[in-house]
Amino acid sequence: MKKETTTHGLSLKKVVELLNIGSDVGTDRGDTDQDKTDLLNDRLSQTLPLYEDEPRKKSKQLSRTIAVLSGEPIGKLLQDPKTELSIIKVIKEHGRKLADRSKSEAEHQVANTIYFAAIAHALVFKKETITRFSKEDLRQAFDRVSQENWIPEWLLELFAQASHRIQSAT
């Protein structure tokens, strides 16, 4: 039985070129929204890490330890209006550290989303400002991230509420 060729006489190099062209169709060479969605969901499902390199007051240390030991994911802590402000501050700091350590634009955007989510949580649920950003800068940041289609609906709502709180306070 004669073996039929499936490459129609094309060289291996030409087949590889054609396959590479096909893999480029419909993809952005940068970070895609789905990549950011997946990364954000991954980060929000993680628990808070213990950062040993920072001295903390005993009450903050205890709250942080309880949050870490409880195994509550960061996303759940951000959604819960009863989450202690000290834990929200730890989440904010965690987001900042993730941003500092990010190796891609997607990682940086996801880290900033967590950072601003903690600030939004404090504004909405605790009526506290836990940043030195001006209210106008915060409102612009919340409005900007509210335009992203890769952020979960509950976080978009938190950002919208925080923006509204700032607008109604001025």
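Trainee: Which helices do the buried residues of H7 pack against?

Mentor: This is a predicted model, so keep that in mind as we go. The buried residues of H7 pack against helix H6 (105–126) and helix H8 (153–169).

Trainee: And which residues of H7 are buried?

Mentor: Within H7, which spans residues 135–145, the buried ones are Leu138, Arg139, Ala141, Phe142 and Val145. Looking down the axis of H7, you find them within an arc of 165°, so they line one face of the helix.

Trainee: Now to charges. How many salt bridges does the structure hold?

Mentor: The general idea is that side chains of opposite charge can pair when their charged atoms come close. This structure holds seven salt bridges. One of them links Lys36 and Asp33, at 3.8 Å from N to O. Both residues belong to helix H2 (residues 33–45) and sit three residues apart, about one turn of the helix.

Trainee: Is Lys36 buried or exposed?

Mentor: Its relative accessibility is 8%, and under 20% means buried, so Lys36 counts as buried. Asp33, at 32%, counts as partly exposed.

Trainee: What about Arg96 and Asp100?

Mentor: They form a salt bridge too, with the closest N and O atoms 2.8 Å apart. The two are four residues apart in helix H5 (residues 85–101), so about one helical turn separates them. Salt bridges with shared partners also join Glu93, Arg96 and Asp100 into one network. As for accessibility, Arg96 is partly exposed at 33%, while Asp100 is exposed at 54%.

Key: Residues numbered from 1 in each chain as written. Predicted model: local features only at pLDDT ≥ 70, side-chain atom pairs only at ≥ 80, totals over all residues. Heavy atoms only, no water. Buried < 20%, exposed > 50% of the residue type's maximum accessible area, 1.4 Å probe, protein only. Arc of directions from axis to C-beta. Contact = heavy atoms within 4.5 Å. Salt bridge = Lys/Arg side-chain N within 4 Å of Asp/Glu carboxyl O.
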